[in-house]
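Hello,

Here is the structure for you to look through. My notes follow below it.

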Amino acid sequence: QRENRENRERLKLWNELGKEDAMDRYCVYSGQRLSKAQLFSGEIETDHILPFSRSLDDSLSNKVLCATRTNRDKKNSTPFEAFGHSPTGYAWTEIEERAARLPRNKTKRFKEHALEDFLGDRNFLDRHLTDTAYLSRVARQYLTAVCPPNKVWVATGRLTAMLRQKY
């Protein structure tokens, strides 16, 4: 396989599924055995445990490998929203048992109110403002490293808000 970020990530996630026993790697949702031969085929996908569109969390602690079919069944839902009522072909108690073998930071994402717990009191706008502030600092740091520092000017969010209010 090609040496790239996605393939390294898949291998890390696959190893994580069977730390104790290399033959004990299953899709957390369906219980289907995941073999190394399937790892780089279309049979296995990387799933965001808490949907990326709702959590904006693209970290490895929010990802798990699963069968492609189960990822389609899960859609844009948390594990509990998708499988908590044990739809045909899925048993929630078995999903919880398989999830309990994952690292603790992933196990808690399988709880009923995992998304609310993850987001806390912060809504999208709060997270967006925090992320924007961080990215602005990083952009300034980068630009002052590649350009003369006296040529890089930064406007504060307060100035942006004042301009927005005037217009």
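Predicted model: local features only at pLDDT ≥ 70, side-chain atom pairs only at ≥ 80, totals over all residues.

**What turned up**

Ser-86 counts as partly exposed, at 36% relative accessibility. Ser-86 sits in the loop between helix 4 and helix 5 (92-99). Its backbone stands out: phi is positive, about 50°, although Ser-86 is not a glycine.

Lys-75 is another residue to look at. It is not a glycine, yet it has a positive phi of about 55°. You will find Lys-75 in the loop between helix 3 (68-74) and helix 4. Is Lys-75 buried or exposed? Lys-75 has a relative accessible area of 65%. Exposed means over 50%, so Lys-75 counts as exposed.

**Aromatic pairs**

Now the rings. How many aromatic pairs does a search of the whole structure find? The search finds four. One of them joins Tyr-29 and Phe-83. Their ring centres are 5.3 Å apart, and the planes make an angle of 35°. That makes the pair tilted. The two partners come from distant parts of the chain, 54 residues apart. Tyr-29 is in the loop between helix 1 (5-17) and strand 1 (44-48). Phe-83 belongs to helix 4 (residues 79-83).

Both partners can be checked for burial. Tyr-29 has 0% relative accessibility. Phe-83 has a relative accessible area of 1%. Buried means under 20%, so Tyr-29 and Phe-83 both count as buried.

Tyr-29 also pairs with Phe-110. This pair is tilted too, with 6.0 Å from centre to centre and 40° between the planes. Phe-110 lies in the loop between helix 6 (104-107) and helix 7 (114-119), while Tyr-29 is in the loop between helix 1 and strand 1, so the pair ties together parts that are 81 residues apart in sequence. Phe-110 is buried, as is Tyr-29.

Which residues do the ring pairs link into a cluster? The members are Tyr-29, Phe-83, Tyr-90 and Phe-110.

**A charge over a ring**

One more contact to look up. Arg-25 lies over the face of Trp-14. The distance from the ring centre is 3.7 Å.

**Where to look**

Then go to Arg-25 and Trp-14. Finish with the positive phi values at Lys-75 and Ser-86.

Best wishes

Conventions. Residues numbered from 1 in each chain as written. Heavy atoms only, no water. Phe/Tyr/Trp six-rings, centres within 6.5 Å; stacked < 30°, edge-to-face > 60°. Helix = DSSP H or I, 4+ residues; strand = E, 2+ residues; numbered from the N terminus. Buried < 20%, exposed > 50% of the residue type's maximum accessible area, 1.4 Å probe, protein only. Lys NZ or Arg CZ within 6 Å of the ring centre and 35° of its normal.
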